[in-house]
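The sequence and the model come first.

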Amino acid sequence: MRAISAELSGRIRLVLAAALAAKALACVDGSTGPGGVRRLELVVPSNTLRPGFVVQAQATPFDGNGEVVAGRTVIWRSLTPQTLAVSAEGLLLALAPGTGIARASLGSVSAEVTLALVNPPVASLVLDADT
């Protein structure tokens, strides 16, 4: 995870808006995608992300025998665009606190990953009774 500046965040949002639009989660829908793909496995470094931070998600397609299918392009999108932006390359940018859901698809096969998008806890809070 890394923090990004407001200027870079604005540029990333523009790129993400132009893009097609858990540690690990796999989804099998019973159908076969291009090249015999039967399942996608998604991996993210953390299932928790702070707004303004970016992580790289990875999608691996498998055939019916459990073998990796190479050379296929996965389509990424956000199911929660108000809280999570997703680039065509699987970069996940937390926009606001809440729940973020990213979907990767390859033909009729898809998988989703859900992230908790949370602000860091407040270290301390001092209240002045005179104001």
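## Report on the predicted model

Thr83 lies in the loop that links β7 (75-78) to β8; helices (H or I, at least four residues) and strands (E, at least two) are DSSP runs, numbered from the N terminus. The model is a predicted one, in which local features need pLDDT of at least 70, side-chain atom pairs count only at pLDDT 80 or more, and totals for chains, interfaces and linings use all residues. Residues are numbered from 1 along each chain as its sequence is written, and side-chain values use heavy atoms, with hydrogens and water left out.

Is Thr83 buried or exposed? Thr83 counts as buried because its relative accessibility is 9%, where buried means under 20% relative accessible area, exposed over 50%, and partly exposed in between (1.4 Å probe, protein chains only). Apart from neighbours within four places in sequence, Thr83 is in contact with Leu93, Ala94, Leu95, Ala96, Pro97, Thr99, Gly100 and Leu117; contact means heavy atoms within 4.5 Å.

**Chain and sheet**

The protein chain has one helix and eleven strands. Read from the N terminus, the order of elements is β-α-β-β-β-β-β-β-β-β-β-β. Of the 131 residues in the protein chain, 32% are buried. The accessible surface of the chain is about 7,500 Å², and carbon and sulfur atoms account for 56% of that surface; the areas come from the Shrake-Rupley method with a 1.4 Å probe, and for residues only the protein chains shown count as cover.

Four strands form an open sheet in the order β4-β11-β10-β7, with mixed pairing. Two strands are taken to pair if DSSP finds at least two bridges between them. β4 (48-49) and β7 are the edge strands, each pairing on one side only. Strands of a sheet pair through backbone hydrogen bonds, either parallel or antiparallel. β4 and β11 are paired in the parallel sense, over two bridges, and Leu49 has Leu117 of β11 as its bridge partner. β10 and β11 are paired in the antiparallel sense, over nine bridges; here Ala104 has Ala111 of β11 as its bridge partner.

β10 and β11 also form a hairpin with two residues between them, and Gly107 in the turn has a positive phi of about 65°. Gly107 counts as exposed because its relative accessibility is 57%. In sequence, Gly107 and Thr73 are 34 residues apart, while their C-alpha atoms are 9.7 Å apart in space.

**Nonpolar core**

A nonpolar core is a set of buried Ala, Val, Leu, Ile, Met, Phe, Trp, Tyr and Cys residues joined through side-chain atoms within 4.5 Å. The largest nonpolar core has 23 residues, and those that touch the most other members are Leu40, Leu49, Trp76, Leu84, Leu92 and Leu115. Two or more residues each are given to this core by β3 (37-43), β5 (53-56), β8 (84-86), β9 (91-94), β10 (98-106) and β11 (109-117). β11 gives the most, with five residues. In soluble globular proteins, nonpolar side chains tend to be buried together.

Which residues does Leu84 touch? Not counting residues up to four places away in sequence, Leu84 touches Ser78, Leu92, Leu93, Ala94, Leu95, Gly100, Ile101, Ala102, Leu115 and Leu117.

**Charged pairs and surface patch**

The structure holds two salt bridges, a salt bridge being a side-chain nitrogen of Lys or Arg within 4 Å of a carboxyl oxygen of Asp or Glu.

| Salt bridge | N to O distance |
|---|---|
| Glu41 and Arg39 | 3.5 Å |
| Glu112 and Arg103 | 2.3 Å |

Glu41 is partly exposed, with a relative accessible area of 27%, and Arg39 is partly exposed at 22% relative accessibility. In the other pair, Glu112 is partly exposed at 28% relative accessibility and Arg103 is partly exposed at 22%.

On the surface, Val122, Leu125 and Leu127 form a nonpolar patch with about 400 Å² of accessible area together. Patches are made of residues with over 30% relative accessible area and no salt bridge, like charges being joined within 9 Å and nonpolar side chains (Val, Leu, Ile, Met, Phe, Trp, Tyr) within 5 Å. Leu127 belongs to the segment after β11 and is exposed, with a relative accessible area of 73%.
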